[in-house]
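Here is a short briefing to read beside the coordinates.

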Amino acid sequence: MSLALGLILLVIALVINLSAQMVRWKVKKSF
Amino acid sequence: MDYLITAWVEAWQLILRADRQILEIAWVSLRLAFWSALVASCLAIPMGISVGQQDFKYKKLVLAVLQTLLALPTVVIGLLVYTLISRRGPAGHFGLLFSPMGVVIGQAILAFPIICTMVVNVFISLDKRAFQTAVHLGANRRQTMLILLRETRLGILAAVLTGFGRVFGEVGIAMMLGGEYQGLYQDSNHRYCPGDQ
């Protein structure tokens, strides 16, 4: 169960951090 | 090796079956991270704007302190908040220890310097002409601030998302201040005391 939970949390964390990174790239481009 | 294969197979089965308990735990993590990022943003964005936008005597010192706080170990935050909200601590009578609110406080402290520093950097790197043009065109204080916020909205969004991602991935504070997570999502009024079980 811990492994399943870890996988789900990993996917969510990846999505959040990737979207933050994409916004940062967009900010850099706009400057 | 068999143990590992069995664990992976079981994990995927639980995920594909959309096991209720796992989804609930993931939902609690998301919810707590959301509230932590929201609380931290409410404090860090105004402070970041005022520090980034204004020039004052101790600006460099404030920036140095904020950047140092970025490296604050999560265990230290957990211990500090633990001593504050534990039963004998100054905020002990609120009963926040081992409750979702305690976790939110700890994680908000973690996210605060991250969001604040990023907002400060966004405002420092903002073209000064945006502010000057707004003032010269007769915009009042509120209108000028709205223009600057519009110019920096993506940077602020990036700061909030980074803070959100950081607190979502944080486990030390949640364990120290939230106790065992079964009590956290099954009954938020349940107070788990170490040594009870």
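How many residues does the contact take from chain B, and how many from chain A? The answer is 22 residues from chain B and 19 residues from chain A. Keep in mind that this is a predicted model.

**Confidence**

- The predictor assigns the complex an ipTM of 0.82 and a pTM of 0.84.
- Chain B has a mean pLDDT of 87, with 91% of its residues at 70 or more.
- Residues 183-197 of chain B are an exception to note: their pLDDT is below 50. In the model this stretch still has 16 contacts beyond near neighbours in sequence.
- Where pLDDT is low, predicted coordinates should not be read in detail.

**The side of chain B that touches chain A**

- Three helices of chain B each supply at least two residues to this side: H1 (2-16), H2 (20-53) and H8 (153-168).
- H8(B) gives the largest share, nine residues.
- By class, this side of chain B holds 15 nonpolar, six polar and one charged residues.

**The H6-H7 pair in chain B**

- Two packed helices are described by the angle between their axes and the distance between the axes.
- Helix H6 (residues 128-136) and helix H7 (residues 141-151) of chain B have axes that come within 10 Å and cross at roughly 150 degrees.
- Angles over 145 degrees count as roughly antiparallel, so H6(B) and H7(B) are roughly antiparallel to each other.
- The crossing of H6(B) and H7(B) is right-handed.
- From H6(B), the residues in the contact are Ala130(B), Phe131(B), Ala134(B) and Val135(B). They meet Gln143(B), Thr144(B), Ile147(B), Leu148(B) and Glu151(B) of H7(B).
- The residues of this H6(B)-H7(B) contact divide into six nonpolar, two polar and one charged.

**Positive phi outside glycine**

- Ala18(B) is not a glycine, yet its phi is positive, near 50 degrees. Ala18(B) lies in the loop between H1 and H2 of chain B.
- Is Ala18(B) buried or exposed? Ala18(B) counts as exposed, because it has 9 C-beta neighbours inside 10 Å and the cut-off for exposed is 12 or fewer.
- Phe98(B), also not a glycine, has a positive phi of about 60 degrees. Phe98(B) sits in the loop between helix H4 (74-85) and helix H5 (100-125) of chain B.
- Phe98(B) counts as buried, because it has 23 C-beta neighbours inside 10 Å and buried needs 20 or more.

Technical notes
Residues numbered from 1 in each chain as written. Chains lettered and ligands numbered in written order. Predicted model: local features only at pLDDT ≥ 70, side-chain atom pairs only at ≥ 80, totals over all residues. pLDDT = per-residue confidence, 0-100. Contact = placed C-beta atoms within 7 Å. Helix = DSSP H or I, 4+ residues; strand = E, 2+ residues; numbered from the N terminus. Nonpolar A, V, L, I, M, F, W, Y, C, P; charged D, E, K, R; others polar. Axes fitted to C-alpha atoms, helices over the stretch in contact; angles between N-to-C directions. Parallel < 35°, antiparallel > 145°, perpendicular 65-115°, else oblique. Left-handed = near helix turned anticlockwise from the far one by under 90°.
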